[in-house]
Amino acid sequence: MTAQTPGGPGGFGGPRLSEGQYEFGGDENRRIERAGTSSGVWAACAIVGAVLLGVLAGLQIYLHNVRGALLLAPLLLICAVAGWLYLGTGRALKQVVTTEGNDIELLMRALDRLARAFRYEVIATGVALVLFVVLAVLTRM
Amino acid sequence: MSQHDAYEFTSRENETIGKAATWSLALAGASLAMTLAHLAFAVIGVDLSGSSFRLIVFDVGPGLVSAGCYAAAAFLFAIIGGSLRNVVSTQGNDLKHMLKVLDMLHRVFLLRIALVIQTGLAVLAVIAVGG
């Protein structure tokens with residue numbers, strides 16, 4: 001069962017990203033949904049990964065390796081941020097499949113979210129790398 | 001000519017796609033930087049003179065596995081960025097190219113899921129070795 005695009009033809013708030021009119025067919029929908037599902041699963045895994053890294057850091061402390069625990073913090077940051085961002089991307093891709101009307105607009109919105117997720121992940125990675133170097137230098141003494 | 005062969009993205013749509021391409025390529029670069037960071041982490045986390053064998057396994061193993069996964073992700077993000085650029089710069093078959101990009105994206109996510117599973121296994125291995 002499909003739903004109408006929320007909020008009228010443009011769907012969602014904000015400016016329109018497309019005027020194109022196109023409705024994806026069965027195989028196309030399957031491929032879009034697959035990308036959306038794997039994005040959602042990856043997001044859940046990234047959040048689980050962040051928790052696991054926390055456990056790993058705890059174990060490092062238990063083994064009296066505080067430095068090793070501190071150096072895991074940047075990676076934990078990336079996992080947590082990525083998990084949050086890609087949940088939205090997965091949902092946006094699935095919306096292309098589950099709604100009817102103006103699929104191209106919805107695909108463009110999903111791509112816009114994906115670009116945003118990529119951008120924030122690049123920023124988080126940069127911050128994490130700087131944090132990693134700072135922690136590595138500070139804990140060297 | 002099928003319907004999706006006939007659809008051509010407009011300039012506004014191409015702008016959104018181009019933005020995704022740029023950040024995908026940037027993410028490829030960031031993943032490459034992460035590969036180097038993980039390799040460095042594997043080395044600088046180890047104190048060969050004072051550490052037990054258990055601690056060395058603890059530090060080096062997960063670092064090398066993560067570095068390998070980040071290197072593969074960097075490669076795939078570069079391909080995604082290149083494919084998205086192709087959607088913008090070529091004419092004809094735009095939706096076909098776009099669906100190929102989504103297939104590639106699916107593979108990147110699978111790889112990243114594998115990375116998390118490997119991290120989980122590494123944690124279990126550490127518990128088994130160090131516990």
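Tutor: Of the 131 residues in chain B, 36% count as buried, where buried means that 20 or more other C-beta atoms, placed from the backbone, lie within 10 Å of the residue's own. The model is predicted: local features need pLDDT of at least 70 and side-chain atom pairs count only at pLDDT 80 or more, while totals for chains, interfaces and linings use all residues. Residues are numbered from 1 along each chain as its sequence is written, and chains are lettered from A and ligands numbered from 1 in the order in which they are written.

The secondary structure of chain B consists of four helices and zero strands; helices (H or I, at least four residues) and strands (E, at least two) are DSSP runs, numbered from the N terminus. Along the sequence the pattern reads α-α-α-α. Among the contacts in chain B with a separation of 6 or more, 78% join residues 24 or more positions apart; a contact requires C-beta atoms, placed from the backbone, within 7 Å.

Now the side of chain B that touches chain A. The contact takes 38 residues from chain B and 41 residues from chain A. On chain B, the elements giving two or more residues are helix H2 (11–44), helix H3 (53–89) and helix H4 (94–130). H2(B) supplies the largest share, 16 residues. By class, this side of chain B has 23 nonpolar, nine polar and six charged residues. Here Ala, Val, Leu, Ile, Met, Phe, Trp, Tyr, Cys and Pro count as nonpolar, Asp, Glu, Lys and Arg as charged, and the others, Gly among them, as polar.

Note on methods:
Contact = placed C-beta atoms within 7 Å. Buried ≥ 20, exposed ≤ 12 C-beta atoms within 10 Å, placed from the backbone.
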